[in-house]
Amino acid sequence: MPNPLITAVQNSAPLLAPELALDARGVARRFGARWVLRGVNLQVRAGEMVGLLGHNGCGKSTFMRIVATLLKASAGDCFVYGANVKTEGDDVRHHVGFFSHIPGLYDDLSARENLAFAATMLGFPSADIDAALERVGLTHVMHEHVRGFSAGMQRRLSLARLILQRPRLLLLDEPYNNLDVAGISLMNGFIRELNAAGGAAVVVLHDLVPAQGVLDRTVTIRDGRVHTPSTADLRHDGVSPEAITAPAGAAGIS
Amino acid sequence: MAFRDDLRRTRAIVWKDLTTERRSKAGFNAVASLGVTILVLFGLTLGPDTPALRAAAAGALWLAVLFAGVLAFNRSYQVELDGGALEALLLYPGSRWAIFAGKLIANLIFVTAMLVIVVAVGIVLFQVVVPAQWPALVGVMMLGVIGIVALGTFYAAMSSRSRAREVLLPLLLYPMLIPVLLASTTATKVLLNGDLMHEAGAWVQMLSAFDVIFLVATFLAFEYVIEV
């Protein structure tokens with residue numbers, strides 16, 4: 001006769017396992033005859049912050065766009081909090097916040113109108129807009145058209161959109177581009193806040209220095225697959241190994 | 001609840017498209033100017049022959065709407081592509097049809113506003129006598145515009161990711177619009193002539209049928225053309 005206690009523990013085992021925010025299994029993508037991704041396997045647990053490295057054209061952004069449902073994988077499966085990106089795109093989009101190097105703003109709308117539009121599309125209360133603008137330091141230009149914003153200001157406004165959304169899985173594609181020191185600090189503050197709330201993040205980086213202290217581990221994409229980078233790999237990808245051996249960024253990097 | 005959320009998204013897209021257009025004004029000025037220029041060129045070619053002008057009025061009017069409309073459809077997605085906003089739009093949760101509906105309604109309002117100008121200029125230039133059945137004429141014009149805008153918005157979305165989208169859109173759109181243009185032009189011509197043989201009804205039925213088919217087909221297929 002089976003021990004009821006053991007049976008109960010066995011039954012509860014999946015509940016005790018850490019929830020996977022992202023589960024990519026053999027994700028591949030080709031453009032024409034060229035395979036950019038050849039089978040990416042990457043698991044990111046809820047609450048985990050992962051840096052994604054690799055040289056230009058290795059497929060980092062392609063992978064991020066597949067996870068964000070902006071691009072279809074040619075092969076393989078990818079799940080975001082259990083939802084399949086191919087077949088349950090709408091569920092995935094409820095969880096994912098994507099911050100790319102393209103701001104995705106409307107030039108002829110003001111900063112506040114851009115956020116109001118985003119809030120309506122996301123189904124979030126517009127009451128948080130002013131707080132988000134204040135947090136990214138754009139309150140003084142909230143009624144000005146985005147056309148007159150610098151690249152850095154546009155990045156801050158995109159960040160405000162993410163703050164409104166508060167996604168469970170954050171996909172950041174080179175998030176520190178065009179940001180000044182205060183902007184980098186804002187970005188890291190947001191990532192840490194999300195982390196504290198149990199959210200996960202995948203961050204595409206060329207330079208690990210700005211992300212020190214926010215990443216749990218880094219992986220690299222090479223030859224269309226994910227690897228755990230060695231010091232030599234990092235040097236090959238143009239990343240200074242010293243940056244991740246610094247105390248603030250060393251946690252969890254193998 | 002999800003349906004209401006999608007309706008809210010549709011309203012937001014309509015507001016955003018019309019607000020950006022109202023502020024930039026570049027699109028409407030270009031589209032309305034093209035429509036009027038086509039009418040003026042037609043009028044100049046036909047000369048001061050009143051019967052000839054009136055006979056050609058319906059064709060000239062729909063030709064102006066067609067060419068100016070293509071410019072408008074291309075522009076409606078250009079606004080999204082400029083700052084990479086199309087990606088942001090696709091990243092929002094919700095049904096894809098809400099995006100299409102928003103774009104469709106905004107284009108409908110935009111093209112209707114252009115139609116008002118084109119019709120006013122056309123009445124003067126082509127010496128058109130407004131018929132007693134003018135409400136039916138307005139109905140035909142609206143049905144024609146709905147057909148053109150439904151297909152135009154759909155094919156503009158399809159060609160929006162292509163580098164040759166300005167060339168691709170007319171190539172895709174014009175052949176598909178033949179039944180709508182045929183029905184619209186003939187019904188307009190018949191109504192302008194007083195509809196003595198009661199022919200307009202058949203053309204209006206045909207136009208309505210094509211509108212329904214195009215609207216249903218484009219709403220169902222939009223999700224697949226906007227995905228990569």
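**Entry 1: strand E8 of chain A**

I looked up the pairing of E7 (residues 169–173) and E8 in chain A: the two strands run parallel over five bridges. Strands here are DSSP runs of type E with at least two residues, helices are runs of H or I with at least four residues, and both are numbered from the N terminus. Two strands pair if DSSP finds at least two bridges between them. Within this pairing, Leu169(A) stands opposite Ala200(A).

I then checked strand E3 (residues 49–53) of chain A, which is joined to E8(A) by four bridges, also in the parallel sense. Leu52(A) has Val204(A) as its bridge partner in E8(A).

The model is predicted; local features need pLDDT of at least 70, side-chain atom pairs count only at pLDDT 80 or more, and totals for chains, interfaces and linings use all residues. Residues are numbered from 1 along each chain as its sequence is written, chains are lettered from A and ligands numbered from 1 in the order in which they are written, and side-chain values use heavy atoms, with hydrogens and water left out.

Is E8(A) buried or exposed? I find five of the five residues of E8(A) (200–204) buried, so the strand is largely enclosed by the rest of the structure. Buried means under 20% relative accessible area, exposed over 50%, and partly exposed in between (1.4 Å probe, protein chains only). Ala200(A), Val202(A) and Val204(A) point one way from the strand, while Ala201(A) and Val203(A) point the other way.

**Entry 2: Arg156(A)**

I located Arg156(A) in helix H6 (residues 151–165) of chain A. Arg156(A) counts as buried because its relative accessibility is 15%. Leaving aside neighbours within four places in sequence, I noted its contacts (heavy atoms within 4.5 Å). Among them are Val136(A), Leu138(A), Asp180(A) and Leu186(A).

**Entry 3: the contact of chains B and A**

I find 26 residues from chain B and 28 residues from chain A in the contact. The two chains bury about 2600 Å² between them, 62% of it on carbon and sulfur atoms; buried area is the accessible area (1.4 Å probe) lost on putting the two parts together, summed over both.

I count two salt bridges between the chains, each a side-chain nitrogen of Lys or Arg within 4 Å of a carboxyl oxygen of Asp or Glu. One of them links Arg23(B) to Glu113(A), with the closest N and O atoms 2.6 Å apart. On the chain B side, helices H1 (2–24), H3 (50–82) and H4 (85–91) each give two or more residues. H1(B) supplies the largest share, ten residues.
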